[in-house]
Amino acid sequence: TIHRCGDITLSDNGGNGDHDDFVFPSHSQLLILANGTEEPPVSGIKYPLTIWLMRGCGLRIEESFAVHKSCFRDGGTVVRVFEQASRDGKKTMPLKHRKAGEYRDIPVPAYLWDMVKDLPDGYLFMVDGKLPVYSTYRPSFNRLARKAGIPEGFTPHSLRHAFVSALLSRGVPITDVATWLGHRNINVTYATYGHLVTSSLGRAQEVLNAEYAEWSTAA
């Protein structure tokens, strides 16, 4: 029988892949990473809001660099991502594996919108016509990660992993998460994050038992 899910290869949830950068810091560690202390604001990373864009919306690092105030839509509940910063910070370019003009809409946590809503219009991190540069951003990121006591292996991309883990562990469908991440092929999402999907065995049993109870009541 042919059906729409026929080409999906499901993960065995065995966690056998290479997940060295799957390091999930606590909230207090994230505050130190962004602000240099658990009590903001104190000198920390140069662009602290990038931490929350990656952790709260699952953005890639270059995507977070290119966020514009107008990207936030529908009262700040959605961020529309359609470009990313070039490695030298001198221009923007289409999203990874996307053509110019293609975008994805991602849900925004309320705490992130609270950080953004009173900022001036324009690119959030542009200074003198230039966006942040990864090579100068990363040393500060690494220094603060060590200060926060975050385990080795932690990278900016780990914040994207933590975003996914928070959603999948609470039952958000992986199909929706794949869309927000920008994965065209859901096999990529399953291959990377299948081990984080919470088992539905217990919930399935509850549903089947409830169905049987309805049958018994109707008999």
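**View 1. Seven salt bridges are counted in the protein.** A salt bridge is taken as a side-chain nitrogen of Lys or Arg within 4 Å of a carboxyl oxygen of Asp or Glu. The model is predicted: local features need pLDDT of at least 70, side-chain atom pairs count only at pLDDT 80 or more, and totals for chains, interfaces and linings use all residues. Residues are numbered from 1 along each chain as its sequence is written, and side-chain values use heavy atoms, with hydrogens and water left out.

**View 2. Glu62 and Arg87 form a salt bridge.** Their closest N and O atoms are 3.1 Å apart. The two residues belong to distant parts of the chain, 25 residues apart: Glu62 lies in helix α3 (residues 61-65), and Arg87 in the loop between β3 (83-85) and β4 (92-94). Helices (H or I, at least four residues) and strands (E, at least two) are DSSP runs, numbered from the N terminus. Glu62 has a relative accessible area of 13% and is therefore buried, whereas Arg87, at 55%, counts as exposed. Here buried means under 20% relative accessible area, exposed over 50%, and partly exposed in between (1.4 Å probe, protein chains only).

**View 3. Glu63 and Arg104 meet in a salt bridge through their side chains.** The N to O distance is 2.7 Å. This pair also links distant parts of the chain, with Glu63 in helix α3 and Arg104 in strand β5, 41 residues apart. Glu63 is buried because its relative accessible area is 0%. Arg104 counts as buried as well, at 8% relative accessibility. Arg60, Glu63 and Arg104 are linked in a network of salt bridges.

**View 4. Glu102 forms a salt bridge with Arg184.** The closest N and O atoms are 3.0 Å apart. Glu102 sits in the loop between β4 and β5 and Arg184 in the loop between α7 (174-181) and α8 (186-193), so that distant parts of the chain are linked across 82 residues. Glu102 counts as partly exposed, with a relative accessibility of 27%. Arg184 is exposed at 58%.

**View 5. Strand β5 (residues 104-107) has a covered and an uncovered face.** Arg104 and Ile106 are on the covered face, Asp105 and Pro107 on the uncovered one. In a regular strand, side chains alternate between the two faces of the sheet. Strand β2 (residues 78-81) runs antiparallel to β5, and four bridges join the two. Two strands are said to pair if DSSP finds at least two bridges between them. Ile106 in β5 is the bridge partner of Val79.

**View 6. Helix α1 (residues 27-35) is largely enclosed by the rest of the structure.** The buried residues are Gln29, Leu30, Leu31, Ile32, Leu33, Ala34 and Asn35. Their cover includes α2 (49-57), α5 and α6. Just after α1, Gly36 takes a positive phi of about 85°.

**View 7. Thr155 is in the loop between α5 (134-147) and α6 (156-168).** At 19% relative accessibility, Thr155 counts as buried. Leaving aside residues up to four places away in sequence, Thr155 touches Asp21, Arg138 and Phe141. A contact means heavy atoms within 4.5 Å.

**View 8. Cys57 and Cys71 are both buried.** Cys57 has a relative accessibility of 0%, and Cys71 has 5%. A disulfide is defined as a pair of cysteine sulfur atoms within 2.5 Å. The count by this rule is zero disulfides.

**View 9. The protein as a whole has nine helices and five strands.** Along the sequence, the pattern is α-α-α-β-β-β-β-β-α-α-α-α-α-α. Of its 219 residues, 42% count as buried. Among contacts with a separation of 6 or more, 65% are between residues 24 or more positions apart.
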